[in-house]
Amino acid sequence: MEPWARRLHVSAAFNAKAKVAMSRFEPSSSINYEELHEKINIVRKRLNRPLTLSEKIVYGHLDDPAGQEIARGRTYLRLRPDRVAMQDATAQMAMLQFISSGLPRVAVPTTIHCDHLIEAQIGGVEDLKRAKEVNQEVYNFLATAGAKYGVGFWKPGSGIIHQIILENYAYPGVMLIGTDSHTPNGGGLGSVCIGVGGADAVDVMAGIPWELKCPNVIGVKLTGRLSGWTSPKDVILKVAGILTVKGGTGAIVEYHGPGVDSVSCTGMATICNMGAEIGATTSIFPYNHRMKTYLNKTGRADIAALADEYKEDLVPDPGCEYDQVIEINLSELKPHINGPFTPDLAHPVSEIGAVAEKNGWPLEVKVGLIGSCTNSSYEDMGRAASLAKQALDRGLKCKAAFTVTPGSEQIRATIERDGFSQILRDVGGVVLANACGPCIGQWDRKDVKKGEKNTIVTSYNRNFTSRNDANPATHAFVTSPEIVTALAIAGTLKFNPETDYLVGANGERFKLEPPNGDELPAREFDPGQDTYQHPPADSTSVRVDVSPTSTRLQLLEPFDKWNGKDLEDLPVLIKVKGKCTTDHISAAGPWLKFRGHLDNISNNLLIGAVNVDNNAVNKIKNQLTGEYGGVPDVARHYKASGLSWVVVGDDNYGEGSSREHAALEPRHLGGRVIIVKSFARIHETNLKKQGMLPLTFADPADYDRIRPDDKISITGLANFSPGKPLKGVVKHGDGSQDIITLNHTFNDNQIEWFHAGSALNRMKELQ
């Protein structure tokens, strides 16, 4: 093969079978397998050891493979990702930051996907129509900004970003970064897909090498075969129970072993998708025939052929070593259901009824919800429909309310054509828009009142308090689409479909047969409507408007630079008790409409966090006035009074979504320091990017030394350097003080972000 032929283009040619319009693809999107191969060999010779698959792809994208220092868990790598993808909620701030950079056009293929701003109310058609009207200003901004700066635009109704990526842009060996924490979904196609904040995306779009701490590698060896009621979702539910919500932090989870071949390509994507719930940098599967079949079916046979040629670079080396190994026998794995309130509280389905009774969790299932970026494939929908058909054949419908979210327009059109949608409607389901919907809190739920204790079961990925419906009393459980469907039919958590009976309309008892469904449609996928806008070659005439009176969009002002001094006597804005996810720091749901307006969305800063002082939410003491107020209100008062402030938190602070608003908001309202026991990876990086100081207690017990009315000084900033801890002087109200050691993970480049006031400021300094 000639060298030019080895360059792999994601273009319309690979999508002819799917009848996808040429306008959906950027001919410039490419990966050179020969270059990847060469870089892998350079690094292998340097390290003189076998490489894991994730190491091959990550190191194969090094900016300087010959000179880059490589040490798992320690050094920062400078990488050259192949492309960027952004969903509409995060794309607003990312594009506003890119506009602020002053650059004329993105340097790598980039796409925007409109999936977050569509609220589930009535049904797909009506909800999509309403979303287009309500969000017209934002959609117009994203469409014109995309056209102006060379970014592809997937219109509302296209589908969920991660399903679109799997169908079109992910392929073995590619490195993609996305401004959503579930970007790792693409690992189901042998890709290294990593969730990041918008500022990271701006670096890549600007053509700057992107930094990532060299990941550790956790190996999950799969043996046996999936069968019966056990699904790919049960693999990650089991892993989440083992590793917990922070067990994968700083690591890539790499699945391998003979059991891999029994998992479909979209099933692998499901497993990788929910790896975000264990804090993993990303997750990945080795290239195999299941991926090849999926590539062929989605019109990318040429990619599959090249992947076959370079297969040795797309699987782990024999004898490679993992930092930790977990082994799961798929033949023994049972269906699982995780929750409530956290995705790592794992239970076998056979035990959940008894556990719920013991803990006082509501047994009645009010709503079953299937779909989302995690479980909305053709196979998922087919298996759910096979159960619905059994119920219908015996005169039954769902006892619980039931919703269905297709992952993409292609999935929606295909399951409609093949009859799955009608079966799911007939059993009582409502087919929602091709969007995130209830999974991210975009759900106008009417069947229970706020504060009413109830249970829902979903095939989603997250189930934090108030996540789906803004009701803190909703007990949300995460499981497979098959189990959701069975529990929706039965209407109770006490139903175990493997052993329990239902009663048909004729009074006869029957058991549901295990679900079945084809991995891929027998016919070609129906692509549905063409919802892609390709950026014009010449964008000089394109205008991007942001009204100065808009409540939803706001051009950014640069943050102030460091003044060269230590941070003295910062009041503690809030000392957070327990779990504090990005949902707690910057709530989604109704707040999504302000994602492009930094000042307005800052009114949700930490309104979900529990104040250790009074166990209350959004009620803290203003140290200047002595009065209690909301967190953002007190923060604004401190800022207006010329005071910077600090937040103190617990373990895994910033767990969950990649939303950088959770870092932008504290910086905008005058925050300078976040001190916690430990951080989630993406949030720590986002804080650094915005000129904040994310610090950790050298002694976690020092968390207990800090009182809500303390003032904290951060000293040693004149000599701020990698690996050198800073000091915290904690002044108590009674006149006493404690001096504590505060660790950080800044490297030299990141310290320059702090000095400049933000990574974006530093980028401008270097232009």
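Which helices each supply at least two residues of the lining of the largest pocket? In this predicted model, local features need pLDDT of at least 70 and side-chain atom pairs count only at pLDDT 80 or more, while totals for chains, interfaces and linings use all residues. Residues are numbered from 1 along each chain as its sequence is written, and side-chain values use heavy atoms, with hydrogens and water left out.

The helices in question are α5 (124-134) and α18 (582-585); helices here are DSSP runs of H or I with at least four residues, strands are runs of E with at least two, and both are numbered from the N terminus. The top contributor is α5, which puts 4 residues into the lining. A pocket is an open set of points on a 1 Å grid over the protein atoms alone, where a 1.4 Å probe fits, with protein on both sides within 12 Å along at least five of seven lines; lining residues have an atom within 4 Å of a point.

The largest pocket holds about 1000 Å³ of space, a volume being the space filled by probe spheres set on points joined across faces, edges and corners. It has 39 lining residues, with Ser 466, Ala 470, Ala 588, Gly 589 and Pro 590 closest to the centre. By class, these split into 15 nonpolar, 10 polar and 14 charged (Ala, Val, Leu, Ile, Met, Phe, Trp, Tyr, Cys and Pro are nonpolar; Asp, Glu, Lys and Arg charged; the others, Gly among them, polar).

The second largest pocket comes in at about 560 Å³. Its lining counts 32 residues, and Lys 213, Thr 249, Gly 250, Arg 681 and Glu 684 sit nearest the centre. Two or more residues each come from β9 (210-213), α22 (681-689), β31 (693-697) and α23 (748-756), with α22 giving the largest share, 5 residues.
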